[in-house]
Amino acid sequence: MALKPFIAPGARVALRSKPAGQRIDGQRGEAEIILDISRLLSRCFHPTPTGIDRVEYVYARELLERMPDRLAFAAVHPAGGYYGRLNGGAVRQFLTFTAARWRNARAMDQKEGRAAIVRQLIALRPRPVPRATGPRVYLQVSPHHLDDHGQVDAILRAEGAKFVTLVHDVIPLSHPEFARPQGAEEHRRRLRTIDSFASGIIGNSQATIDALAPHLAEGPRNRVIRVAHFGADPAEPADATRHKVPDRPYFIYISTIEPRKNHLLLLNIWRRLVEQMGDAAPMLVLVGRRGWENENVVDMLERGEILRGHVIEAGQVSDSEMQALTRNARAMLMPSFVEGFGMPVVEALAAGVPVVCSDIVAHREVGGDAPDYLDPLDGMGWIRVIRAYSVEGSPERAAQMDRIAAWSPPTWRDYFDIVENILEDVTVSVS
C-alpha cells in the first residue's frame with residue numbers, strides 16, 4: 001500500500017474531537033498507551049516509506065496530538081530483543097526528521113544523510129520499563145515481529161499491558177500465490193499471535209475483518225474489533241516549477257511491483273496502445289520499487305523497446321514528487337487483484353484525481369460510487385477507458401469528476417476517534 005505525503009512538521013491535520021483521554025460518553029480512561037514504532041526504526045535507512053511505514057508514523061503524530069501526557073514509545077531492536085521504552089523527546093525529533101527526509105528522498109543518497117540517521121538512533125537510547133501505576137495498553141500497528149509469539153508474550157508481560165493491534169490484510173493466507181515463498185506461513189504465525197493476545201483489533205476495512213474472522217479461534221474474552229478507514233493528509237501546495245511531469249497526457253500507478261498488483265496487464269495494454277496510436281499514445285508512470293517474482297514485468301520494462309518513451313519507471317520518489325505526478329495525471333490506475341484497503345484510491349480521490357481501479361471488495365468499500373471499476377482481467381475494457389480518459393475534454397473523465405465532488409473522503413480525525421474509543425473500551429473491559 002503507498003500513502004501520499006504528510007504535512008510539514010509542526011502543522012496539524014486532525015483536530016481534537018474531545019479532550020485527550022476522555023471518552024465520548026464522559027468517562028475518563030487513564031490507561032497509559034505504549035506505541036510500538038519498531039517498523040519505523042527497522043526501515044530508517046530506506047529513502048522512501050511503504051504504506052505501513054506511513055501508517056505507523058501517522059499513529060505517532062496523531063496520538064501525540066491527542067494524548068501526549070499518557071503516550072509512551074517502545075520498540076524491538078532491529079537485531080532482536082525488546083528495546084524497551086524510548087526517550088520521548090528523541091522520538092519527537094526522529095519523527096520530524098523522518099517526515100522531512102520522506103519529502104526529499106534524494107537526501108538519503110548523501111553520506112551525511114546516513115550519518116544524521118545514526119545520530120537519531122543514538123538519541124533514541126532505550127530506557128528500562130517503569131513500574132506500572134495503572135492499566136496499560138500496548139499498541140502495535142505494523143506486522144513487525146508479530147510472527148514471534150514468544151517475544152510478544154514477553155513484551156506484554158514486561159509491560160503488564162493489554163494488546164491492541166492493527167491488521168492491514170490477510171492476503172498471504174487468502175491468496176498465497178501472491179505472497180513470497182514463505183509468506184503464508186509467516187503470516188499464519190502473526191495471526192496466531194494476534195489471536196492469542198489481542199484484546200483489541202483494528203481493521204483497515206470490513207473486507208480485512210471478514211477475511212480475518214476464520215483465523216480467530218480463541219483469545220482474550222470481550223475482544224474489541226472495529227473497522228476504521230485510513231484518512232488522507234491534504235496535499236502540499238502545487239509548485240509547477242519544483243518537479244517535472246510528462247509533457248503529454250499520462251496515467252500513474254503507485255505500487256510496489258509485485259504479482260498481485262497486476263502490472264503485467266498495464267504493460268501489455270500500453271504495448272497495444274503504442275501499436276495503435278504511435279506517439280499519440282498517452283504515457284504510463286510507475287511509482288514504486290521492484291518487489292519479487294516479477295520476471296515478466298521486469299523483462300518488459302528492460303527489454304520492451306516499443307515501450308521506451310511511453311512507460312516511465314519512476315521507482316521510489318519523494319513525497320512531493322509523487323504528489324506532483326499524481327496531481328497532473330489523467331487518472332490513477334489501480335488494477336490489482338486483491339487489496340486490504342487501497343490507500344492510493346482514497347488519496348487520489350481526496351486530491352480530486354480520477355481513479356480507474358479493479359472491481360474488488362476493498363476498492364468498492366473505500367471508493368464508493370466515485371471511481372470507474374473494471375474487472376482486473378478485462379484488458380479490452382481497460383484499453384477503452386484509458387483511451388477515453390486520455391482525450392482532452394473527455395466526457396467520461398468529466399463524469400467522474402462530478403462523482404468525486406459528491407464523494408466524502410475518510411478523515412484522520414474520524415479514524416482516530418475510533419482508535420481512541422477502541423483503546424478506552426479495552427481499558428474498561430480489563431480494568
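The model is predicted: local features need pLDDT of at least 70, side-chain atom pairs count only at pLDDT 80 or more, and totals for chains, interfaces and linings use all residues. Residues are numbered from 1 along each chain as its sequence is written, and side-chain values use heavy atoms, with hydrogens and water left out. The protein has 431 residues, and 56% of them are buried. Buried means under 20% relative accessible area, exposed over 50%, and partly exposed in between (1.4 Å probe, protein chains only).

**Overall fold**

- The secondary structure comprises 16 helices and 14 strands. Both are DSSP runs numbered from the N terminus: helices are H or I with at least four residues, strands are E with at least two.
- Take contacts between residues at least 6 apart in sequence: 77% of these join residues at least 24 apart. Contact means heavy atoms within 4.5 Å.

**Strand pairing**

- Strands β2 (residues 71-76) and β3 (residues 82-86) run antiparallel, joined by 3 bridges. Two strands pair if DSSP finds at least two bridges between them.
- Ala 75 sits opposite Gly 84 of β3.
- β3 also pairs with β4 (residues 126-127), in the antiparallel sense, over 2 bridges. Here Leu 86 has Pro 126 in β4 as its bridge partner.

**Aromatic pairs**

- The structure holds 12 aromatic pairs. Rings of Phe, Tyr and Trp (its six-membered ring) pair if their centres lie within 6.5 Å; planes under 30 degrees apart count as stacked, over 60 as edge-to-face and the rest as tilted.
- Phe 230 and Phe 341 form an edge-to-face pair, because their planes meet at 65°, with ring centres 5.1 Å apart.
- This pair links distant parts of the chain, 111 residues apart. Phe 230 lies in the loop between β8 (224-227) and β9 (250-254), and Phe 341 in the loop between β12 (332-334) and α12 (343-350).
- Phe 230 is buried at 0% relative accessible area, and Phe 341 is buried at 1%.
- Trp 412 and Phe 416 make a tilted pair, at 5.9 Å centre to centre and 40° between the planes.
- Trp 412 and Phe 416 are 4 residues apart in helix α16 (residues 412-430), so about one helical turn separates them. Trp 412 is buried at 3% relative accessible area; Phe 416 is buried at 0%.
- Ring pairs join Tyr 59, Phe 230, Phe 341, Trp 412, Tyr 415 and Phe 416 into a cluster.

**Charges over rings**

- Arg 54 lies over the face of Trp 102, at 5.6 Å from the ring centre. A charge sits over a ring if NZ of Lys or CZ of Arg is within 6 Å of the ring centre and within 35 degrees of the ring normal.
- Arg 364 lies over the face of Tyr 373, at 3.9 Å from the ring centre.

**Cysteines and His 187**

- A search of the whole structure gives 0 disulfides, a disulfide being a pair of cysteine sulfur atoms within 2.5 Å.
- Cys 44 is buried at 2% relative accessible area, and Cys 357 is buried at 0%.
- His 187 belongs to helix α7 (residues 183-197) and is buried at 8% relative accessibility.
- Apart from neighbours within four places in sequence, His 187 contacts Asp 169, Val 170, Pro 172 and Leu 173.
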